[in-house]
Amino acid sequence: PSPLSLSVQESQQDPPAIADMGRLTNNGPKSSSRKAILEQAISAQHSAMSTPVEVMYASGLRQFQSAGGQCLVGSACSGTDIFMKALLYLGEFWKVSYDINIDFIHQFSVELNPEKQKFIAEEMKPKYLFERVDRMKNDRNIDVLSGETVLIPWVHGFFAGFPCQSRSHENKNASENKGCCRQGTGTTGSVLHGIVDYIEHHQPLFIMLENVMGLDESDEDGDKDSEFVISEMRRIGYPQSGVTKLDSYMQSHMRRHH
């Protein structure tokens, strides 16, 4: 089946599964904790599916479960690796809603900042922690945790929130950096190229890249950085790549942020 682009919508009432999900938090499903917000967003996303889509979706999950039920994941530009928390809650939701057990195994993170490395090591505990994205195109890299050169493990899913500084509206020079992804310039473009090299060499099963809305703005020639990223993904073997625009307000956050 084709990959799905699903909009996260505010639900008018909590779906049945969210009541069971309350056991995952100390303060119940209405808690304002980050954990509860993630759970509510996941529940709302599933509620937005039509019945035929949800049937196909659950069928795909069962096929994955029958093939082993372990989903190996890795991240780059990892930051706090909050994506791993979201995946764990997603796995809990599948268990409660569909009686499907899929375990997410955190194989590696890639993070340059020492303070963030410390947080990842202490809180997220990946198998390996690498420092530089531009070295991920190789078969081996230096593991920060052990200090040894190790084989970079293959993963099913790869997540990367590559730097937005060059194109963020908070940057007064953002308009001058249009085309940075295509040209490989600035922190946004240079890190993206390292990520593309990794994906092309290691070919994870599925990928998710995240950045600011500015990448979807046209330059003077009518070109968009977002279109370049999609064309690169399609070139290296991901023909159904596309862009999904999200708004944090639609995921229970109090203010709009696209």
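Guide: Helices (H or I, at least four residues) and strands (E, at least two) are DSSP runs, numbered from the N terminus. This is a predicted model, where local features need pLDDT of at least 70, side-chain atom pairs count only at pLDDT 80 or more, and totals for chains, interfaces and linings use all residues. Residues are numbered from 1 along each chain as its sequence is written, and side-chain values use heavy atoms, without hydrogens and water.

Visitor: How many salt bridges does a search of the whole structure find?

Guide: A salt bridge needs a side-chain nitrogen of Lys or Arg within 4 Å of a carboxyl oxygen of Asp or Glu. Searching the whole structure gives a total of three.

Visitor: Which helix holds both Glu232 and Arg235?

Guide: These two side chains form a salt bridge, with closest N and O atoms 3.0 Å apart. They sit three residues apart, about one turn of the helix. That helix is α8.

Visitor: How many residues apart in sequence are the parts that Glu200 and Arg235 tie together?

Guide: Glu200 forms a salt bridge with Arg235, at 3.3 Å between the closest N and O atoms. Glu200 lies in helix α7 (residues 186-202), while Arg235 lies in helix α8 (residues 225-235), so the pair links parts separated in sequence by 35 residues.

Visitor: Is Glu232 buried or exposed?

Guide: Buried means under 20% relative accessible area, exposed over 50%, and partly exposed in between (1.4 Å probe, protein chains only). Arg235, at 48%, is partly exposed, and so is Glu200, at 36%. Glu232 has 15%, so Glu232 is buried.
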